Amino acid sequence: MVFLSKFKIRNMRENDIEIIYKNLHLDFVNKYFKNKRQQQKIYKNHNEWYKAHISSFDYSIYVFEDEENNFVAMTSYEILRDIAKVNIYLNKDFRNKGYSQEILFESINKFFNDNKNIKYLQAYILEENIASKKIFENLSFIYDKTEICNDGLEYLIYRQIV
């Protein structure tokens, strides 16, 4: 599979925290948390989490931008010894345009170039998220098992062997 990405990929920086909040989290927070105090607490926790994880050896977080430097997507990798959990988050303005697979492919390549000791990736996908299952399967991820995670939700675990 070869993609010639139209997007730029780079490591996340502290000044991306606000952009990520506005593009990936704000709508969710406004929808499910009507109390302003709760919203402020979530915003504060968001900022603290990203500040801590940007410089952590246990995480790799990449940002994708278009030609005009608009935020397109973020991918993150939680490193657990020789395994990493991968996530992709696409800005809603760029959804349903076929970009996710290309972004994920480019991100995985960068991650493996930066982390030679990783043996495989895992993706945690909700059963109803058919689009994500298809994207990961197209990138050679295979269903491994089902697991109930800390959030109480049941996830399908997909694995990609290096």
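Angles under 35 degrees count as roughly parallel, over 145 as roughly antiparallel, 65 to 115 as roughly perpendicular, and the rest as oblique. This is a predicted model, in which local features need pLDDT of at least 70 and side-chain atom pairs count only at pLDDT 80 or more, while totals for chains, interfaces and linings use all residues. Residues are numbered from 1 along each chain as its sequence is written, and side-chain values use heavy atoms, with hydrogens and water left out.

**First selection: residues 100–114 and 130–138.** These are helices α3 and α4, which pack at an angle of about 45° with their axes 10 Å apart; α3 and α4 are therefore oblique to each other. Helices here are DSSP runs of H or I with at least four residues, and strands are runs of E with at least two. Axes are lines fitted to C-alpha atoms, for helices over the stretch in contact, and angles run from 0 to 180 degrees between N-to-C directions.

**Second selection: the contact.** Display S100, Q101 and L104 of α3 with I135, F136 and N138 of α4, which make the contact (heavy atoms within 4.5 Å).

In strand β2, seven of seven residues are buried (under 20% relative accessible area, with a 1.4 Å probe and protein chains only). Y59, I61, V63 and E65 point one way from β2, and S60, Y62 and F64 the other way.

Strand β1 (residues 8–11) pairs with β2 in the antiparallel sense over four bridges (pairing requires at least two DSSP bridges); F64 of β2 is the bridge partner of I9. Strand β3 (residues 71–80) pairs with β2 in the antiparallel sense over seven bridges, and T75 in β3 stands opposite Y62.

Conventions
Buried < 20%, exposed > 50% of the residue type's maximum accessible area, 1.4 Å probe, protein only.
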